[in-house]
Amino acid sequence: MSVYLLQTVNGIGIGMLYFLLAVGLSIVFGLLRFVNFAHGVFYLLGAYFCFEAVRQGMSFWAALLIVPLFVAAVGWVAEKTLLRHVYAKPHEFHILITVGVALIIQELVIVQWGPLGDSVAVPSGLEGVVMWGDFIYPKYRLFVIAVTGGLAVLLWWVLEGTRLGSAVRAGSESPEMVSLLGINVFRLFSLVFALGAATAAIAGVLAAPIRGVEPFMGIEALAVAFVVVVVGGLGSFTGALVGGILIGVVQSVMSTLWPEGARLMIYVAMAAVLLLRPNGLLGKRG
Amino acid sequence: MRRNIDIAVALGIVVALPLLLSSGSLASEVLIYALAVLGCNLLLGYTGLLSFGQGIFFGLGSYTFGLVLTRTGLPMPLALVASIILGGLAAGLVGIVSIRQKGTYFVMLTLAFAQMFYFLAYSVPSLTGGDNGLLNIPRPPLSAFGVVLWDNTTAWQFYAMVAVIFLLVFVALHRVTTSIFGRTLLAIRDNEVRASAVGYNVPRFKLLAFVLSGAVTALAGALNAMMVGVAPLANAEFHVSEMILVMTVIGGAGNLAASLIGALFYVLAADWLSTLWPRWLMLLGVLLVIISLGMQRGLWGLIEDGFLALTARFKRTGEIRVEEKQV
């Protein structure tokens with residue numbers, strides 16, 4: 001029984017990372033009506049920048065702070081120079097241009113760091129496990145749950161409690177109206193896009209010591225983020241949270257029951273949710 | 001008139017490939033991927049559905065063909081038919097779930113299903129060979145009642161068979177796209193709400209297009225397995241879905257001959273550039289960005305514009321001559 005408890009806690013840890021991955025995608029979609037297929041490579045960049053920073057002797061803590069800013073800058077530049085020009089075009093071109101950007105970045109990563117993966121050491125102070133009675137759990141994974149939980153609260157506060165958050169939420173309803181109220185919508189778009197890139201990068205940094213780095217982790221993460229928003233409901237903060245944890249727990253528990261099929265089961269879970277609730281668990285109807 | 005031009009272009013390329021290329025497998029590869037691109041184009045160009053899941057049907061076609069040939073005694077044409085049928089059925093399944101969603105939601109679902117198929121193929125090694133793939137798929141001759149009709153031993157013999165299949169599918173899809181069914185798909189692409197208001201059952205039309213596309217793509221997958229002799233797990237990877245879509249977009253959506261151009265461009269570029277620079281995919285990324293920003297009709301659009309500019313110049317010089325005569 002304690003195996004399942006352990007796997008459930010593990011699943012919550014993975015699920016919080018999935019939430020962090022998906023929430024950026026979801027917020028960007030809510031405001032820009034634009035599914036960012038380059039979201040996965042922001043996660044990839046986060047992980048690789050962290051790998052490089054640690055290799056250069058920087059502490060993991062500094063990397064956790066600085067890398068997301070770097071990746072946010074990459075996202076900002078991509079939005080300003082390229083993506084902005086396709087907003088008025090049909091949605092196929094939104095997808096194609098982000099697929100193009102994703103390909104370019106992924107290939108650049110391979111040019112820089114090679115096609116093979118590598119591992120990132122668990123930061124000092126977080127090695128080993130904690131023990132409460134017979135419950136044993138890696139320290140680093142507890143840390144990930146704590147950090148992502150804190151970030152979830154922070155993001156929720158930004159969205160619900162600040163002027164920026166109101167602008168984002170209002171912009172999701174009607175960008176024209178928001179711009180009539182005197183808010184520079186294009187600046188808001190860039191800002192939110194950069195924020196989305198930063199959240200994906202944080203997920204990448206946090207995931208690096210757990211699963212290492214390899215050049216194709218971006219596409220995998222993108223697919224998982226899609227599953228999470230499809231399950232939770234696109235454009236919904238709580239949906240991303242619920243979907244992320246659900247998918248994380250499914251994957252983690254299934255990896256004890258059927259290790260080869262654990263990855264498959266998260267897609268089966270998605271298909272099941274879709275058949276029962278086509279708009280996701282917390283998605284808007286219509 | 002338009003129709004005949006497209007078929008003429010396809011026929012011209014099919015005949016020209018053996019004259020221009022020294023490798024029969026490379027030429028076959030062009031036509032095999034062109035088949036898959038035709039399937040993708042039917043969705044993207046004619047129905048307005050952008051599918052990231054074409055790799056499902058390609059991979060399924062490979063596996064089905066391999067399994068039927070290695071595990072049963074059925075003849076090769078029946079193995080191809082089995083791949084086509086299973087591809088259509090799988091497309092029906094994926095379609096029923098994803099067609100209910102519109103726009104970007106649909107795209108995300110097709111990608112998620114592509115990943116699902118990959119992990120499915122990975123987790124049943126007894127059928128698919130898992131990581132190793134399905135090995136030792138034979139390339140039998142085309143025979144009926146023990147009489148060999150067409151030998152497939154050399155690469156060029158195989159090319160000839162693929163070429164005939166390709167042209168048959170091409171003409172068939174042409175008839176489909178110019179039929180009332182095809183015109184209805186175009187109406188759905190251009191204005192779904194209006195098509196539905198006029199009384200068309202939009203989801204049923206989309207589903208039919210999806211099934212057709214899945215069947216054609218599975219045929220391409222089967223031919224691919226037959227050519228290389230294995231059905232690798234890589235055939236079910238996301239990369240295949242992406243590649244088929246990229247070929248479609250580069251060629252130009254909404255025109256069948258453009259699909260052949262897209263596949264031709266991609267396969268030849270891959271063949272030439274991958275030896276020079278393994279990271280040539282980056283160039284494809286740049287090309288995708290350029291197409292999204294301003295070259296939305298792809299290579300076919302470029303060719304068409306070039307052709308129009310050329311004929312316009314001829315016309316103009318013709319007009320001048322007429323004027324001179326009048327003077």
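The model described here is predicted.

**Helix packing in chain A**

In chain A, helix 2 (residues 39-55) and helix 8 (residues 185-211) have axes that come within 7 Å and cross at roughly 45°. Helix 2 of chain A and helix 8 of chain A are therefore oblique to each other. The crossing of helix 2 of chain A past helix 8 of chain A is right-handed. From helix 2 of chain A, the residues that make this contact are A:His39, A:Phe42, A:Tyr43, A:Leu44, A:Leu45, A:Gly46, A:Ala47, A:Cys50 and A:Phe51. Helix 8 of chain A contributes A:Gly196, A:Ala197, A:Ala200, A:Ala201, A:Ile202, A:Ala203, A:Gly204, A:Val205, A:Ala207 and A:Ala208. By class, the contact of helix 2 of chain A with helix 8 of chain A holds 15 nonpolar, four polar and no charged residues.

**Helix packing in chain B**

Two helix pairs of chain B are described here. In one of them, helix 3 (residues 54-71) of chain B packs on helix 10 (residues 202-228) of chain B at an angle of about 50°, and the axes are 7 Å apart. Helix 3 of chain B and helix 10 of chain B are therefore oblique to each other. Their crossing is right-handed. Among the contact residues on helix 3 of chain B are B:Phe57, B:Phe58, B:Leu60 and B:Phe65, along with B:Gly59, B:Gly61 and B:Gly66. On helix 10 of chain B they include B:Gly214, B:Thr217, B:Leu219, B:Asn224 and B:Met226. The contact of helix 3 of chain B with helix 10 of chain B has ten nonpolar, ten polar and no charged residues.

Helix 11 (residues 238-251) of chain B and helix 12 (residues 256-276) of chain B form another pair, with axes that come within 7 Å and cross at roughly 120°. Helix 11 of chain B and helix 12 of chain B also cross in the right-handed sense. Helix 11 of chain B supplies B:Val246, B:Met247, B:Thr248, B:Ile250 and B:Gly251 to the contact. From helix 12 of chain B come B:Ala258, B:Ser259, B:Ile261, B:Gly262, B:Ala263, B:Phe265 and B:Tyr266. These residues divide into eight nonpolar, four polar and no charged.

| Helix 3 and helix 10 of chain B | ten residues | ten residues | no residues |

**Overall fold of each chain**

Chain A has eleven helices and two strands. Read from the N terminus, the order of elements in chain A is α-α-α-α-β-β-α-α-α-α-α-α-α. A compact globule of 286 residues would have a radius of gyration near 19 Å, and the 19 Å of chain A agrees with this. Along the principal axes, the C-alpha atoms of chain A fill a box of roughly 60 × 45 × 35 Å.

Chain B has 14 helices and two strands. The radius of gyration of chain B is 21 Å, close to the 20 Å given by the globule rule for 327 residues, so chain B is as compact as a globular protein of that length. The C-alpha trace of chain B spans about 80 × 50 × 45 Å along its principal axes.

**The hairpins**

In chain A, strand 1 (residues 129-132) and strand 2 (residues 135-138) run antiparallel and are joined by four bridges. A:Trp132 lies opposite A:Phe135, and A:Met131 lies opposite A:Ile136. The hairpin of these strands has two residues between them, and A:Gly133 takes a positive phi near 60°.

In chain B, three bridges join strand 1 (residues 142-144) to strand 2 (residues 147-150), and the strands run antiparallel. B:Ser143 stands opposite B:Val148. This hairpin also has two residues between its strands, and B:Phe145 in the turn has a positive phi of about 50°.

**Contact between the chains**

Chain A gives 35 residues to the contact and chain B gives 31 residues. On the side of chain A that touches chain B, the elements that give two or more residues are helix 4 (91-113), helix 9 (217-232) and helix 11 (262-276) of chain A. Helix 4 of chain A provides the largest share of that side, 15 residues. By class, the side of chain A that touches chain B has 27 nonpolar, four polar and four charged residues.

Methods. Residues are numbered from 1 along each chain as its sequence is written. Chains are lettered from A and ligands numbered from 1 in the order in which they are written. This is a predicted model: local features need pLDDT of at least 70, side-chain atom pairs count only at pLDDT 80 or more; totals for chains, interfaces and linings use all residues. Two residues are in contact if their C-beta atoms, placed from the backbone, lie within 7 Å. Ala, Val, Leu, Ile, Met, Phe, Trp, Tyr, Cys and Pro count as nonpolar, Asp, Glu, Lys and Arg as charged, and the others, Gly among them, as polar. Axes are lines fitted to C-alpha atoms, for helices over the stretch in contact, and angles run from 0 to 180 degrees between N-to-C directions. Angles under 35 degrees count as roughly parallel, over 145 as roughly antiparallel, 65 to 115 as roughly perpendicular and the rest as oblique. A crossing is left-handed if the near helix is turned anticlockwise from the far one by less than a right angle, and right-handed if clockwise. Two strands pair if DSSP finds at least two bridges between them. The radius of gyration is taken over C-alpha atoms; the globule rule is 2.2 Å times the number of residues to the power 0.38.
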